[in-house]
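Have a look at the structure first, then read on.

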Protein chains: 2
Amino acid sequence: MDIEALRNAHPEHWMKAAAIRTLTLDAVQAANSGHSGAPMGMADIATVLFEKHLKFDAANPDWPDRDRFILSNGHGSMLLYSLLHLTGYEDMTLDEVKNFRQWGAKTAGHPEYGHAKGIETTTGPLGQGLANSVGFALAEEILRARFGRKLVDHYTYVFAGDGCLMEGVSHEAISLAGHQQLGKLIVFFDDNAITIDGKVELSDRTNQVARFKAAGWHVQEIDGHDPVAIDEAIVKAKASRRPSMIACKTHIALGSSAQDTSKGHGALTDATLIADTKAAYGWTTGPFEIPADIKSQWEEIGRRGRAERTAWEERLADSGASKQAEFARTLAREPSKRLSATIKALKKQVSEGQPKVATRKSSEMVLEVVNPIMKETVGGSADLTGSNNTLTADLGVHDASNRKGRYIHYGIREHGMAAAMNGLALHGQIRPYGGTFMAFTDYARPAMRLAALMGIPTVFVMTHDSIGLGEDGPTHQPVEHLAISRATPNTHVFRPADTVETAEAWELALTATATPSVLSLTRQGLPTVRMEHKTSNLTARGAYVLAEADGKRQAILMATGSEVAIALEAREILQKEGIGTRVVSMPCWELFAEQDDTYRRRVLPGGPVRVAIEAGVRMGWDRWLLGERGKEAKADFVGMTGFGASAPAPTLYEKFGITAENTADKVRKLLAGS
Amino acid sequence: MDIEALRNAHPEHWMKAAAIRTLTLDAVQAANSGHSGAPMGMADIATVLFEKHLKFDAANPDWPDRDRFILSNGHGSMLLYSLLHLTGYEDMTLDEVKNFRQWGAKTAGHPEYGHAKGIETTTGPLGQGLANSVGFALAEEILRARFGRKLVDHYTYVFAGDGCLMEGVSHEAISLAGHQQLGKLIVFFDDNAITIDGKVELSDRTNQVARFKAAGWHVQEIDGHDPVAIDEAIVKAKASRRPSMIACKTHIALGSSAQDTSKGHGALTDATLIADTKAAYGWTTGPFEIPADIKSQWEEIGRRGRAERTAWEERLADSGASKQAEFARTLAREPSKRLSATIKALKKQVSEGQPKVATRKSSEMVLEVVNPIMKETVGGSADLTGSNNTLTADLGVHDASNRKGRYIHYGIREHGMAAAMNGLALHGQIRPYGGTFMAFTDYARPAMRLAALMGIPTVFVMTHDSIGLGEDGPTHQPVEHLAISRATPNTHVFRPADTVETAEAWELALTATATPSVLSLTRQGLPTVRMEHKTSNLTARGAYVLAEADGKRQAILMATGSEVAIALEAREILQKEGIGTRVVSMPCWELFAEQDDTYRRRVLPGGPVRVAIEAGVRMGWDRWLLGERGKEAKADFVGMTGFGASAPAPTLYEKFGITAENTADKVRKLLAGS
């Protein structure tokens, strides 16, 4: 690569881009780890994007109508940190850059949402940022249709590398974006032909340009180091009504002796290499020293959006009061003021009518009353709409011909759906929920974990949550998936027992601000177990006494979801034998664990024998069976010990022994033995 | 659709295909659930494939050189069951077909590997069969290079629907297959334009033909109901040196009133609809009645491969003795006779030399001595070769120019890798292992679960297994992933503490026949903790006493992997204070749980306080802390309560309190309190 020629062709541009490159070199050297190559390779693209196109105001990083910039190849985090520091984001100080990858720094190894302004999403697990971006761009379309172009009119820009494009989720993302004709989504492919193992051709020869075309994208191919070509390509991409992919031929670790090698992908820390590279760049200042004129040019870029931002603020102020209020409410993730009363009314109606319905149907009943009053909800399903019961009458299907639609047919793309939902949530002013079968938690896992890590309130509607789904068999029957979601930090796993608990769970999911929710819902019909109306949300306590022991309390049955009715049935059997039996419904372990010791002790006192019933594996239950004043000799579990089978649901419950009689039997044996 | 015209054009073909269609209608009606549409739509393709191309012998379904047939759109299971029954597979009786989706039947809702011969893999979770097929085709290439074309020379045929092609894993699979130029892989795309939610165009407008071309495939488009076109397309596909995709325009639920609708995708059970459809087909016999002449034509098809099979057997018998022996050994999944001695020798050397290495490096040390004696191993990594330490000197990189190579650069495709490995294992005569970072278990989950469900010994090499990976931060640091794998039935999760345990774990993984293994390996260096050589495999017991208490046994420390050294350090501290402390290493919970009560009691006696140490979440540990004679008041845990952070590993261990001092402190407090 003729660095000299690049420098001379566009000297001002060159030095601005060099600032990114040298900050990267210095930070990676100081940390003695990280990835130098991608920031060095993509610095020109980033410089042109920020200088000429990206709508942002560094002094007001939360401006809702800013363009979004997503670094999907998150290992190149120093690119983002450099840009934020250079353009003058207040919280991205030089000290933060110097503390790259150190304890407590905002400059984590990969960009972490919430650490600093300007980090729109957490990236690192490849493909996620790209898949999030579909949600960001969808959010923009939906909000533009809702609040009008004067308030919502921005682009979503994505940087993505070979890794992002090899990951399967990229296929789901780009085909969904192509289908939805998300014209304001613009992806820059860092086509550097290098991965960690070596040349891309070691493992891939995909024609990415042809592939994006096949998905309905507008595609261009440019030299990723030519600022004029970059600018022109962005202009064209912005004009296209289709999502745009700009394949940028770049050189990883540009200008260093590791250029165009997999070594250049990683941490360049050798002092000589760094010195030589800086010399080639024409960079003469010391580590972390940005010449004042260059810093000032970058800060000017950081201020470029100020006028546009203030004009936007005036437009918002000129909007009608109710629009302003709704804009502000959704931005603050505040639920509708009517939500609480709406939920209470439904609960009352259900406790009185006592319908026997599947909780997936209960969920639909909730959504039917909630969606009309919370216009920020955006529903969807991965091609199981009729099974997940996620579509309500008022939503309307979202596509290019109906941008007001609030229901997304995500297609058979559980992973892409989950990641797009995260993007919808991250964009702001949207509360996304989406459904699939619970067994396919497996497909959505990478994005579900990131929702938890980022602390965003995405709602995963997981129906057909046990062997209760019946004939489809073990591939479709979750047994370990409750444990999987419960093992994940910062995740609320709700497994409601009936429509009342489902309504309570939804209320909690829709008021959450920093925690994703997993709703575990049945295929099969369940009786109403909450037959006495209570205005307070009992699910918010995580677990509660549903039925008290009659007479001396000898046994406590704990259950969730579809097994609560079995516990009640077992209680009937035991009470008839004079065995006082309490039933505890535990719709959300995580919330119960957060209750104070007094409450937990009241629900789960020491003394009685305990049997837990859940049509899943035991993992995790020992906390409640043996812990919390429990004892090994006085506890047992009714559930699954392996995978399910294909047969009608009642047969499966019988064959796997998840029955009231078996539960009662375990209680009798424990009482006899203790 | 003009059914009359189809019938008249090819009457013999038509009736054979109608047998599939009517068996499907009858079975789904009897089960009152299932999927009628796909078998009805793909019956013509299946008939031509089985009649004219598929190399198989129904009387010898395990013939190793048979062509493989994979129904990736597994919900169309009645297509496969019909074919197996019609062609005369002994175990696929008419009674089995009649018992479709009932308890104990071989005819599960989705095809389950192991239920009946001819089911080459479990499908249902969409995209998996297609992704498995890449492994099947790779296995054929590898084995052909190894044993010669006379013994190995067959095709892999796949049926896949829109769902399979929308799933992200399909992208990973087809780009990997395209890159590897798997010319003997032939995929039929059931292009019926319908999904569960409605028309495909509700969620997707991908040009699948262009997409496969972009991935380097040979592509054709045909009428999927024209037997001549189908035959010609297969001839051309077989001749291509590239993998082939045949896009077949079909009509879902062909000939019924539900044709070309999403209703037709599901269970057609209406008696009138079924009667009308059969009438249109010209089918006059009763439910489950196949006219003798048609059954006999199908059985003839089932015998078509007999001569080829016997000729193959002769060629095998004519092979050299050592080739025959190796062929038989690998087919039987028997380990090399030298494996045990090789592992013992390495263990001895390590116990003497006591190297301090990361267990990912230990794993490489094992593979360096094992790969040369077990030629059935096929290694790989999802673009983290140097980090996973999965490549050994003798393997050679597998690609189109080196079919003898036993190392696959899977690319940044964790899911595709895991599914391809399952295919390699299912094909037979191959023991696949492949690496990625443990946090990316999330990406590979759907295939890891299927390995467990199918009972195949795929080996997942998961390195960087905790916050010990350091600066890359929480996106790359597993905390819940040990729990996730442990929650999955039929999965051995090995977390070895040093090179000796790593060698033992590998020995168990490489001798397993019906259980996948997850190897949880560190990035960071660990001291050798097994300093006294023992010939027996202690890891096979799951847990064992690594260091006995000196004096009265007051505490038991349990730990796995990198935390075993911390437990030993804590023991030192406690012993100095006169607190007799035992250290139990628990490299594999599942194997420990299988030990008899006497052994478990010996390792974990009641009485002493217990502290478990693991750099992951607590979920699951209560079984060993509170169960197995443990008590809540006498047990505690040192580990993670949330996600990790970006910082050097030693800092993270310190900040998250996973230290010997903190462990010792918990013991002191428990002893003071009890």
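Contact here means heavy atoms within 4.5 Å, and helices are DSSP runs (H or I, at least four residues) numbered from the N terminus. The model is predicted, so to speak of local features takes a pLDDT of at least 70, side-chain atom pairs count only at pLDDT 80 or more, and totals for chains, interfaces and linings use all residues. Residues are numbered from 1 along each chain as its sequence is written, chains are lettered from A and ligands numbered from 1 in the order written, and side-chain values use heavy atoms, leaving out hydrogens and water.

| Helix pair | Axis angle | Axis distance |
|---|---|---|
| H2(B) (residues 11-31) and H3(B) (residues 37-53) | about 135° | 9 Å |
| H6(B) (residues 128-147) and H18(B) (residues 414-427) | roughly 55° | within 6 Å |

Axes are lines fitted to C-alpha atoms over the stretch in contact, with angles from 0 to 180 degrees between N-to-C directions. Angles under 35 degrees count as roughly parallel, over 145 as roughly antiparallel, 65 to 115 as roughly perpendicular and the rest as oblique. H6(B) and H18(B) are therefore oblique to each other.

In H6(B), the residues that meet H18(B) include Phe136(B), Leu138(B) and Leu143(B), and their partners in H18(B) include Ala419(B), Gly423(B) and Leu424(B). This contact divides into 10 nonpolar, seven polar and one charged residue; Ala, Val, Leu, Ile, Met, Phe, Trp, Tyr, Cys and Pro count as nonpolar, Asp, Glu, Lys and Arg as charged, and the others, Gly among them, as polar.

H2(B) and H3(B) are likewise oblique. Among the residues making their contact are Ile20(B) and Leu25(B) of H2(B), with Met40(B) and Val48(B) of H3(B). By class, the contact of H2(B) with H3(B) has eight nonpolar, four polar and four charged residues.

Notes:
Helices (H or I, at least four residues) and strands (E, at least two) are DSSP runs, numbered from the N terminus.
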